Number of protein chains: 2
Amino acid sequence: MKLIKNNLSEKFIINKYFKKLNFKRIGTFDFENDGAYLYFKNKNYKISITTDTILEDVDFFSNDDPKSIAQKITTVNLSDTFAMGAIPHSYVINLLLPYNINDKWLTKFSHQLKKIQLKYGFYLLGGDLSHSNKLIISSTFFGYINKNVEILQNKINLNDDILLTGNIGESRIGLDILNKKILINAKLKKYFINKYLFPLPCELGPKVSKYISSMKDISDGLIGDLNDMLNDKFGALININEIPLSTKAKKIINLENGIKLEKLLNAGDDYELIIISNQKNRNKIFNIAKKNKIKISCIGKVIRKKGIHFDSYVDINNSKKFDHFS
Amino acid sequence: MKLIKNNLSEKFIINKYFKKLNFKRIGTFDFENDGAYLYFKNKNYKISITTDTILEDVDFFSNDDPKSIAQKITTVNLSDTFAMGAIPHSYVINLLLPYNINDKWLTKFSHQLKKIQLKYGFYLLGGDLSHSNKLIISSTFFGYINKNVEILQNKINLNDDILLTGNIGESRIGLDILNKKILINAKLKKYFINKYLFPLPCELGPKVSKYISSMKDISDGLIGDLNDMLNDKFGALININEIPLSTKAKKIINLENGIKLEKLLNAGDDYELIIISNQKNRNKIFNIAKKNKIKISCIGKVIRKKGIHFDSYVDINNSKKFDHFS
């Protein structure tokens, strides 16, 4: 899987920008081999595997800050890794680079990868490098989790709590601001655009894995992802007032030309975790979240009636739209 | 890493074409989860990881038989896995599909994947699916190997044997025939085009791993890959008459408008293995190859003089070209 293909300039790219990312770990062979070995210190763990691809013009734009692109390819995978209850271990990356990618781009991109690797403690095992017209990045992440723990996305029970980490809609508001759909002052603008360009995964997953029924990260919107978890077996009763929004997001919702809450319920790329768990574990989970300075909210519970339903406090427009999930 | 993105038709694609490839194995969650767990039965193994990408117009053409494309993405990875001394275990696949991909294409592609999986005994752990203008496929393969065995590509010693499995140049001749650079009778044409469209990995790697110094598969041509293995420390003396060629390839070389041997020495995509090993293990390795009905040749030995050198029997044109490696 060497990051090289018959081309000295590509060998140069590996040596200059990517070798620093293997942290000289055993099994990477300093990227001189066509493959790598994955070593785990502890036999009580199994490996989680997640993989994702991001594409120019779909998940980012060609003139986006390369640091943002590095953030996105790692966050989509780290978020899935944490949602599997696993701790990041290592990854491989498949880069399809347009020919106009230059030193500045590669320097920023690889520095951001290194920064994220150091933050979460994982290293680059290898990858491959080719050229194409569009920038396309696939990445496969390896995590470790106690071999006796297994996180499913739809193993849920009646009356289970529906919990949600962080705030929703931040990234979507940023995108709408970038697309000039929302006009707002410079300070708020910067805040939300940063949320869109630099989404962060929520690290709570592996810390609460033994107290939960199911867990999933929000990549397609709270409603869509929660609907996947209910899996035609159960429904959800959501307390709309408990939907976690930042003070800043509330300001945007209250603007005349702002964004509707409903839209935020369907907004992707928040990378917060939906956790479904037995009520008896609520305090344990909240205490762990508090200890880790992670915001968590109980937004509703699992009910027998299929579909996603809102309590009497629903005051958002077009809320009937959600009926199509019933 | 679900093979789904916000789109019913993509869910349909997963269910209809790809679910059959998980062989209902534990940890795949039947592709209902965003990630998978990798389970190994035996604690004495470690995991090998290889990854590769193939692109339309570079590694294949859009109107190529989808079975050939399935063969190529698996062979590039299986070949690296075997070269690591490992036995294939499972894989993930990242598909970027043009919108014109149809039922017929997906049926053929997925059937070929299933056929190859059954042949080598591995299963699909998961993947992701997106759309793009060009067909692009990345895939990451997991193999298992005894934890005490480690195959490097450049741990070689003076006077080691240089061994080569199979025959070289078959795929390249097929490509030249397809490109109408070589004109040949229908039977030979079919034979070589098949070698180009359906390259096979060499399975010898894991069977001889404990008797070798280094091993690498040929993806960039015998000369290029061997040169990588010598790694500026040693040279190679190659006995040109021992370079393994099929009787059919020899016919092509002897044609007036045929292909030069030198070109075949630099031809990629043969996926044979270059094995460098102590002379004392030659018989053991040859016996294992024989037992497994795999052709193997001793083509030369490691020498002190850097570069790749040919013995006195060199009669190929332009052989001085190789001097640039000295």
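## Contact between the chains

In this predicted model, 44 residues of chain A are in contact with 45 residues of chain B. On the side of chain A that touches chain B, at least two residues each come from β1 (36–38), β2 (45–55), α2 (66–83), β3 (87–97), β4 (123–131), β5 (136–146) and β7 of chain A. The largest share belongs to β2(A), which supplies nine residues. Sorted by class, this side of chain A holds 16 nonpolar, 17 polar and 11 charged residues.

Strand pairing also links the two chains: β1(A) pairs with strand β2 (residues 45–55) of chain B in the antiparallel sense, over three bridges. Within β2(B), the residue opposite A36(A) is I49(B).

## The six-stranded sheet of chain A

Chain A has an open sheet of six strands, in the order β7-β9-β6-β10-β8-β11, and its pairing is mixed. At the edges are β7 (214–217) and β11 (307–310) of chain A, each of which pairs on one side only. From one strand to the next, the twist averages 25°.

Strand β8 (residues 235–238) of chain A is paired with two strands described here. With strand β10 (residues 296–303) of chain A, β8(A) pairs in the antiparallel sense over four bridges, and G235(A) stands opposite I303(A) in β10(A). With β11(A), β8(A) runs parallel, and four bridges join the two. The bridge partner of I238(A) in β11(A) is F310(A).

## Helices across the sheet of chain A

Helix α7 (residues 222–230) of chain A lies across β7, β8, β9 (273–277) and β11 of chain A, and runs at about 35° to β9(A). Helix α10 (residues 282–291) of chain A lies across β6 (161–165), β9 and β10 of chain A, and its direction is at about 155° to β10(A).

## The sheet and helices of chain B

In chain B, six strands form an open sheet with mixed pairing, ordered β7-β9-β6-β10-β8-β11. Its edge strands are β7 (214–217) and β11 (307–310) of chain B, each pairing on one side only. The twist averages 25° from one strand to the next. Four bridges connect strand β8 (residues 235–238) of chain B with strand β10 (residues 296–303) of chain B in the antiparallel sense. Here L237(B) stands opposite K301(B) in β10(B).

Helix α2 (residues 66–83) of chain B lies across β7 and β9 (273–277) of chain B, at about 175° to β7(B). Helix α10 (residues 282–291) of chain B lies across β6 (161–165), β9 and β10 of chain B, and runs at about 155° to β10(B).

Two packed helices are described by the angle between their axes and the distance between the axes. In chain A, the axes of helix α4 (residues 170–178) and helix α5 (residues 186–197) come within 7 Å and cross at roughly 115°. Angles of 65 to 115 degrees count as roughly perpendicular, and α4(A) and α5(A) are therefore roughly perpendicular to each other. The crossing of α4(A) past α5(A) is left-handed. From α4(A), the residues E170(A), S171(A), I173(A), G174(A), L175(A), I177(A) and L178(A) meet K189(A), F192(A), I193(A), K195(A) and Y196(A) of α5(A). This contact has seven nonpolar, two polar and three charged residues.

In chain B, the axes of helix α4 (residues 170–178) and helix α5 (residues 186–197) come within 7 Å, with a crossing angle of roughly 115°. That makes α4(B) roughly perpendicular to α5(B). The two helices α4(B) and α5(B) cross in the left-handed sense. Residues of α4(B) in the contact include I173(B), L175(B) and I177(B), and those of α5(B) include F192(B) and Y196(B). By class, the contact of α4(B) with α5(B) consists of seven nonpolar, two polar and three charged residues.

Methods
Residues numbered from 1 in each chain as written. Chains lettered and ligands numbered in written order. Predicted model: local features only at pLDDT ≥ 70, side-chain atom pairs only at ≥ 80, totals over all residues. Pairing = 2+ DSSP bridges. Axes fitted to C-alpha atoms, helices over the stretch in contact; angles between N-to-C directions. Contact = placed C-beta atoms within 7 Å. Nonpolar A, V, L, I, M, F, W, Y, C, P; charged D, E, K, R; others polar. Parallel < 35°, antiparallel > 145°, perpendicular 65-115°, else oblique. Left-handed = near helix turned anticlockwise from the far one by under 90°.
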